[in-house]
Structure formats: structure tokens, C-alpha cells
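Keep the structure open and follow along.

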Amino acid sequence: MSDATRSHKAKKFLERLPKKLSRQIVGSLVGCVHCGMCTQSCHYMLSNPEDPTFAPAHKADQLRKIFKRHIDWTGRVFPWWVSAKSVFTDSELEDLKDIAFGKCTNCRRCTFNCPMGVDFASANRTLRGLLVHVGVMPEGVAVVSKDQWEIGNQMGVLKEDYIETLEWMSDELSGELGDAGARIPIDVKNAAVVYSINPREVKYDPRSISDAAKIFWAARENWCMPSECWDMTNFGLFSGDDDLGGAAGRRLFEKVMELKGRKLVISECGHGYRSTRCEAQNWAGQSFPVDMESSVITMLRYIKEGRIKVDKAKNKESYTFHDSCNNARSCGLTEEPRELLNLVAPDFREMHPNRAENYCCTGGGGAMSMSEYTPRRLKSAKIKAEQLKATGATVVVTSCHNCVDGLSDLIKHYKLDMKVTQLVNLVAEALVIPAKVAAPAAGKVLALAGRTIMVVDDEPDALTFFSALLADHGARTIPVSDPNEVLKAARKEKPDLITLDISMPGKDGGEVLCELRKNPETEAIKVCVITGRPELRKLIYDRTVRPPEGYLDKPVDEAKLLTNVRKILELAHEDVPVES
Amino acid sequence: MSESALLHFAQHRLQEAALLCMAVVYAFRIRWLLSFKDARDKQAPTGRGVVDPESGKYYSLANIAMPWAMESTRNSPFFYLQFAVFHLGVACAITLSFIIPYLPGLLELPPVVKAIQGFTAAAFVIGVGRMIRRIAVPVMRLISTPDDYFSLALLTVWFPFAFLAAPNDRGGGEGVLLTFFFLTAFFLVYVPFSKISHYLYYPFTRFWLGRTMGHRGVFPMRQPVHPR
Ligand code: SF4
Ligand code: SF4
């Protein structure tokens with residue numbers, strides 16, 4: 001291969017390389033002595049001991065070789081001696097992509113185990129940025145980055161959907177608390193707290209928004225949420241694109257400054273906290289006068305200051321805590337979550353290793369958006385699964401939405417009997433609400449009364465569980481286990497909602513959705529996909545038909561299912577107790 | 001016994017020239033490293049404010065002497081011990097190259113000679129073990145470059161000559177001393193071009209990592225709670 005035959009993308013990659021290098025990255029590229037001490041720190045390596053290509057030093061060498069060939073003169077003069085190597089073809093760039101995105105979650109665990117202080121995670125982010133610059137990236141990364149650039153948040157949530165969700169959560173909250181004033185304030189000037197969230201909360205977990213709102217309400221906080229620029233997550237961290245990282249951070253900071261908010265509180269999300277609190281100003285190349293804190297610290301403060309009261313006995317399970325890599329290894333947030341958890345749950349069991357030595361949830365570094373690597377990700381989660389299992393806890397608590405998804409996925413894959421939750425949910429559950437708003441429960445108006453819901457799932461257990469649960473809340477349920485029967489049954493029964501599994505023998509959920517959408521008699525029926533195989537999302541979202549109104553990953557608990565079903569059916573209230 | 005002109009040259013002029021060469025190349029290397037932009041944190045420090053963010057740098061630099069601080073060293077104490085002894089062996093051999101020409105009287109003290117011989121002998125054994133590990137363990141083989149093998153071999157061959165040169169005894173001829181000094185000179189000239197230059201980069205990489213992690217309240221690291 002010669003310079004003349006180098007592909008256009010490879011040329012651009014090499015042109016960009018010197019511009020991406022900082023002293024810290026160069027230090028990490030020249031400082032490795034190939035001692036192998038980081039090998040046993042990587043969850044990929046620990047779960048795949050037979051495959052040495054997962055070793056952090058080997059992965060780092062792929063960028064190091066190119067760096068040496070083009071930047072470090074020892075490699076330019078004696079390339080063979082130091083194994084320096086250039087990049088010529090698009091296929092070589094694809095190989096780099098496989099390593100940078102598919103074999104590393106940028107968890108930084110190897111960095112902390114390198115005696116030389118080699119920060120491979122940062123070097124890998126640099127490699128990702130170089131690849132993204134020339135358009136070589138997993139499809140999911142391209143899609144999410146586009147959404148964050150164009151729509152302003154990484155899940156492409158439209159402003160009207162966001163506002164509608166906040167309104168709906170406000171209705172829920174005021175209904176639950178019996179206080180018409182218990183609402184989510186939007187765009188309040190001079191608020192003490194401006195609360196920013198992860199778009200996942202709007203799309204899949206609105207309960208975490210209402211739980212946070214409940215806590216702010218109980219603390220009598222002067223707070224608000226912005227109507228725009230509310231996403232505190234930042235895909236620039238994962239894609240290595242500093243321009244995107246800087247732009248996303250700038251939007252949020254400028255919104256807080258426009259509102260004259262006194263403090264930006266960042267909801268529980270590891271990469272969101274790291275990006276917003278610790279990285280965005282570096283990417284933007286400028287400091288912003290915005291005071292920030294994690295909602296974990298805010299909640300802890302409320303309890304310590306006596307602004308909210310909690311009763312830990314309300315959280316009855318056994319809990320362990322998973323440190324998000326970004327919180328623990330890049331922001332030092334390890335003690336506050338434990339302190340808070342101990343205040344709201346009586347049975348806390350430490351996970352080993354923990355804090356900055358914890359293993360990655362295996363869904364970090366944007367891995368959840370890269371479905372092509374799902375089998376490898378789940379295989380590499382073996383060490384994490386063993387770590388979770390050894391705690392003996394029934395619930396794993398984490399302060400990160402990404403970890404919630406990563407952990408849920410591996411719990412399902414390794415058939416662990418555990419649930420995942422966040423501190424905000426536990427604090428809200430433990431809240432002691434002033435007596436005047438506690439309503440007597442002599443009877444109930446059931447939330448789903450009068451609604452017909454068809455449950456489609458080939459697994460008998462799931463079918464029974466979802467049907468019974470929805471029926472308990474007043475719905476008339478129609479269980480269907482054969483995907484070939486769905487269209488016929490839907491035409492006959494005209495349900496208000498269909499909950500639809502994706503992976504079914506004979507016909508997958510994507511095909512069923514297509515049939516329903518293409519038939520004029522059933523096209524308006526609302527559909528909520530419930531799947532234990534998130535990697536099959538493509539089967540649904542790659543269709544040209546209208547996407548489903550809801551999406552849930554298994555395992556699904558009662559609260560999550562009901563919240564989402566009511567959201568889709570636009571039902572404002574939970575089961576309402578009535579006086580006899 | 002007086003030394004030959006060749007040995008005198010090897011002990012003095014050759015070493016000085018090699019050291020000068022090393023220093024010049026090092027100066028260029030550091031200038032080159034510092035020519036890249038400094039990615040310094042712009043945000044306010046994180047952490048609970050109970051530790052001085054500055055202390056992260058010192059913690060990071062001292063990390064090498066705290067085997068309990070990293071899982072990789074904590075869980076492999078034998079490996080850490082090897083690392084420590086190997087590097088002490090290097091330090092002894094280098095020091096010897098200064099003692100023989102400038103402070104030969106020190107080598108009349110048997111404990112000094114014994115200490116140098118003890119560390120260089122142990123370092124030799126460790127060097128052989130490391131070479132076997134580099135060749136036999138698939139991960140090590142995969143990540144090793146010709147420079148890695150050569151640098152290790154160079155040191156491993158150098159140690160026995162340091163061991164033999166330590167008594168500074170010319171009774172059996174000057175062969176050992178000459179080989180030791182020529183190897184030392186070659187080592188000094190080769191170092192800046194090889195992976196052995198890691199000790200030049202080490203303070204920088206650890207300082208930068210410590211500065212960032214101290215600013216973020218991660219370093220000094222809160223030790224994880226271990227199972228009872
Ligand atoms: S950053 Fe994490 S995932 Fe990547 S190589 Fe290091 S330990 Fe492995
Ligand atoms: S521990 Fe550090 S120096 Fe050793 S192989 Fe890993 S990255 Fe390189």
C-alpha cells in the first residue's frame with residue numbers, strides 16, 4: 001500500500017489526527033510499556049479470557065500504531081521496530097470502528113489500573129472522534145448524534161411531546177397529592193433550581209420525572225424545568241465529537257442563564273452528569289457561570305436540612321448499589337449516593353468491587369445504541385452478572401439511566417432475579433407526605449376501567465402476568481399468544497391498546513405492527529411494544545409504518561407498566577381511592 | 001591496579017558522551033510532548049470539598065509506591081514485588097556506572113557490593129521470567145513489539161555484567177568492566193529511542209491524570225470497601 005492508494009476517508013482521518021491530540025492523549029500513547037497490568041481490569045477481557053484481542057493495551061495499540069507511524073518520529077524512522085502502522089483502506093477503518101465502539105465502553109477501569117497513568121479510555125474517545133469525523137461509526141451513533149444536533153436531545157423527543165409529558169405528570173402529581181398546586185413549573189425565572197433530565201425519562205420512564213417533582217414539591221423548592229434545551233445528556237461524550245459535546249452543553253447552560261436559574265440540578269445519569277458537570281465546558285472551550293449539582297446531592301441535602309422527611313421502612317427489599325463509571329471514575333460521586341441510600345433503605349448490601357473499582361454496567365459508552373454489538377456486550381457482561389448475583393440483593397440501585405438499561409438487559413440475559421431502580425424512586429417512595437393530603441382508601445375507581453387491552457406474547461408467563469395485572473386495574477384484557485391471530489382478534493375486539501412482544505415464533509412483532517397499521521380497521525389502535533430483546537428494536541423502528549406509541553424493556557414491573565399504559569391511553573389518574 | 005586507556009575512555013568519555021546524547025534527545029522529547037495543547041479542566045472542581053484538588057497530583061505521582069492503591073497491584077503482590085526489584089536492579093546498575101569511576105572507595109565496603117549484586121542478580125532472574133512471560137502468555141505476545149523484546153533482553157544481559165563488575169576487581173582482566181561500560185553506554189544512547197524512555201513520560205502522564213482526577217474529587221481515591 002502506498003500514500004497514493006490511500007482511501008479518501010483514511011486520508012481525512014490522518015489529516016485530523018494531529019488536531020485531536022492533546023498532551024494528555026500523547027502521553028497515553030507514548031507512555032505504555034506493554035506490561036499487561038491493565039489486562040485483568042477490563043470486563044471484556046475478564047468475560048472472554050480466551051480472546052487476547054480484548055486486552056486494553058492491544059485495543060490501545062490500534063491507535064498507538066497509527067500515531068507512531070505519523071506523529072512519533074521513532075515510528076516514522078523505524079516503523080517495524082515499534083510496530084508502527086498506517087491506515088490505508090476503508091476496511092481498516094471499519095476494523096478500528098469495531099474496536100473503538102464495539103470492544104470498549106470507555107469505562108476507564110483500565111486507566112485506574114495502569115501504573116503509568118495511561119488513560120486508554122480518553123485515547124479511545126479520541127479514536128471514536130476521528131472515526132466519526134470521517135463518517136465511520138455504528139448506525140445508532142449516527143442516528144442519536146443527528147437527533148442531538150437537530151432536535152436538541154438524543155432521543156429526538158419533540159417539544160410538544162416533552163411538554164405534554166410534563167403536563168401529564170403534573171396532573172398525576174396533583175391528583176396523587178391532593179394539591180392542585182403540586183405541578184411541574186416550566187420556565188420560571190430566578191428559580192433556585194432548574195432541573196434537567198435525560199430524554200429517556202420522557203420516553204420510557206416518566207415516573208422518574210414525577211418522583212423528582214414530588215420530592216421538589218415536598219421540599220417546597222422554588223424550581224422549574226426548562227421548556228427547551230432540557231437534555232442534560234450529551235452524545236458527544238460517546239461519539240468523541242467535541243463539537244457536538246460543546247454545542248449540547250452550551251445550549252443547556254445558556255438556557256439556565258436565560259432563566260436566571262440559581263442552580264442547575266442534573267437528574268440521575270452518569271454520562272449526563274459527567275458531560276454537563278465535568279466535560280462540556282472543556283469541549284465548548286469556555287467556562288459558564290452556572291452552578292451545578294447532581295440530584296443525588298440535592299436529595300441528600302433536603303434530607304439533611306430537614307426539608308423532606310423519609311421513612312426508610314417503606315422500601316422493603318434488599319438493595320445493592322452500582323456505581324456508574326462516569327460518576328465514580330470521572331466525577332468522584334461515590335459517597336453521596338451511599339449515604340442517601342442508607343437513609344432511604346434499611347437493607348443495603350455493598351457490591352464488590354465498588355466505587356471507582358466497580359465494573360461497568362457493560363452498557364456504557366453508548367453501547368446501548370449500538371445493536372450490532374449486543375451479543376458481544378452481553379457475553380462480556382458475565383463478570384458483571386456474577387458480581388450482581390454475589391450481593392444476594394433483590395434490587396440494584398444506580399444513579400444512571402444508561403446503567404438502568406445496561407443492567408436490566410444483562411439481568412434478563414443471565415436470568416438473575418433482580419430489579420433495577422434509581423435513588424429518585426426510592427426517595428419518592430420513602431417520602432413522608434404531610435397528613436393533610438393523605439386520602440382515606442375505602443374504595444377505588446380503577447384507572448383502566450372501561451378500557452380493552454389486548455396482550456400479545458408467546459411466553460405463557462408473560463401473557464398471564466400482563467393480563468392479570470392490567471385486569472387488576474380494571475381493564476378488559478384479551479390474551480393472544482399466536483402472532484398470526486392478532487390482526488383477526490384486533491378487528492373483532494377493537495381494543496384501545498395492544499401490548500406487543502417482538503420476538504415470537506412464526507411472525508415477529510414488527511410484522512404484526514405492520515399488519516395492524518396497514519389495515520384501516522386497526523391502524524388507529526395504540527400499540528405498546530414490550531420486549532426482552534432490545535437489540536430487536538430495529539424490527540419495529542426500521543418499518544415505514546407509524547411507530548408504536550410506547551416501548552418498554554422487560555423486565556417490566558407493575559408501576560412501569562401502568563404508568564406507560566396510562567400515558568398512552570391519556571388517562572390522568574392512577575387508581576383513585578374514594579370515600580365510602 | 002591502574003586501568004587501561006580503553007577502560008578509562010569507557011568509564012569517562014564514553015559515559016559522558018552517552019549521557020549527553022541521552023539528555024539532548026530527552027530535552028527534544030519533552031519539548032515535543034509539551035508542544036501539544038494542554039487539555040485542562042475548565043469547570044469548577046467536583047467532589048465533596050474535603051480534600052484539596054491539588055493533592056490529586058501528588059497522590060497520582062506517589063501511586064507507584066502504594067501497591068494497595070490499585071487493584072492490579074493489590075491483587076498481584078508478587079508481580080509488584082518483581083516490578084520493584086527489577087527497577088531497583090536498574091537503579092543499582094546505573095549507580096554502579098557512576099560509583100566505579102567517581103567513588104570507587106565505596107566498593108571496598110562489602111555491604112555496598114553485596115547490595116548491588118543482590119539486586120542485579122534478582123533483577124536478572126526477574127528479567128528472564130519476564131521474557132518467558134512475554135513470549136509464553138498470549139496477551140503479552142500480542143502486545144509486544146520488537147522494541148519490547150530487545151529492551152528487556154538488553155537489560156537482562158546488562159544485569160549479570162553489573163553483578164560481575166560490582167567488586168571493581170580487575171584481577172582477572174578488564175573484560176567484564178569494559179563490557180559493562182560499553183553496554184551501559186549503549187543502553188544510555190538507546191533509551192530515549194525505546195520503550196525504556198517510559199520513565200521520562202511517567203511523571204507527566206501521572207501528573208496530568210492526577211491533576212484531572214484531583215480536580216474531580218476522584219484522587220486521592222476513596223478506597224473501596226472490601227468483603228469481610
Ligand atoms: S476503558 Fe473499560 S472497556 Fe475500555 S478497555 Fe478499558 S477497562 Fe475495557
Ligand atoms: S498497564 Fe498501562 S503500561 Fe501496562 S500495558 Fe496497560 S496501558 Fe500499557
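## Patch, ligand shell and salt bridges

F98(B) sits in helix α5 (residues 77-102) of chain B. This is a predicted model. At 38% relative accessibility, F98(B) is partly exposed. With Y102(B), L103(B), L106(B) and L109(B), F98(B) makes a nonpolar surface patch of about 460 Å².

Now turn to chain A. Its domains are domain 1 (3-137), domain 2 (146-431) and domain 3 (440-577). The centres of domain 1 and domain 3 of chain A, taken over C-alpha atoms, are 45 Å apart.

Ligand 1 is surrounded by 14 residues, and the closest are C42(A), C104(A), C107(A), R108(A) and C110(A). Helices α3 (43-47), α4 (56-70) and α7 (120-133) of chain A each give two or more residues to this shell. By class, the shell holds 8 nonpolar, 3 polar and 3 charged residues.

Salt bridges come next. Over all chains, the structure holds 54. Three pairs are listed here.

| Pair | N to O distance |
|---|---|
| E176(A) and K214(A) | 2.8 Å |
| R250(A) and E254(A) | 4.0 Å |
| E293(A) and K263(A) | 3.2 Å |

E293(A) in strand β4 and K263(A) in the loop between α13 and β3 are 30 residues apart, so this pair links distant parts of the chain. E293(A) is buried at 7% relative accessibility, and K263(A) is buried at 17%.

R250(A) and E254(A) both lie in helix α13 (residues 242-259) of chain A, about one turn apart. R250(A) is partly exposed at 28%, as is E254(A) at 40%.

In the remaining pair, E176(A) is partly exposed at 41%, whereas K214(A) is buried at 10%.

Technical notes. Residues numbered from 1 in each chain as written. Chains lettered and ligands numbered in written order. Predicted model: local features only at pLDDT ≥ 70, side-chain atom pairs only at ≥ 80, totals over all residues. Heavy atoms only, no water. Domains from an automatic or database assignment. Patch = residues over 30% accessible without salt bridge, like charges linked within 9 Å, V, L, I, M, F, W, Y side chains within 5 Å. Areas by Shrake-Rupley, 256 points an atom, 1.4 Å probe, with all protein chains shown as cover. Salt bridge = Lys/Arg side-chain N within 4 Å of Asp/Glu carboxyl O. Helix = DSSP H or I, 4+ residues; strand = E, 2+ residues; numbered from the N terminus. Buried < 20%, exposed > 50% of the residue type's maximum accessible area, 1.4 Å probe, protein only. Near = heavy atom within 4 Å. Nonpolar A, V, L, I, M, F, W, Y, C, P; charged D, E, K, R; others polar.
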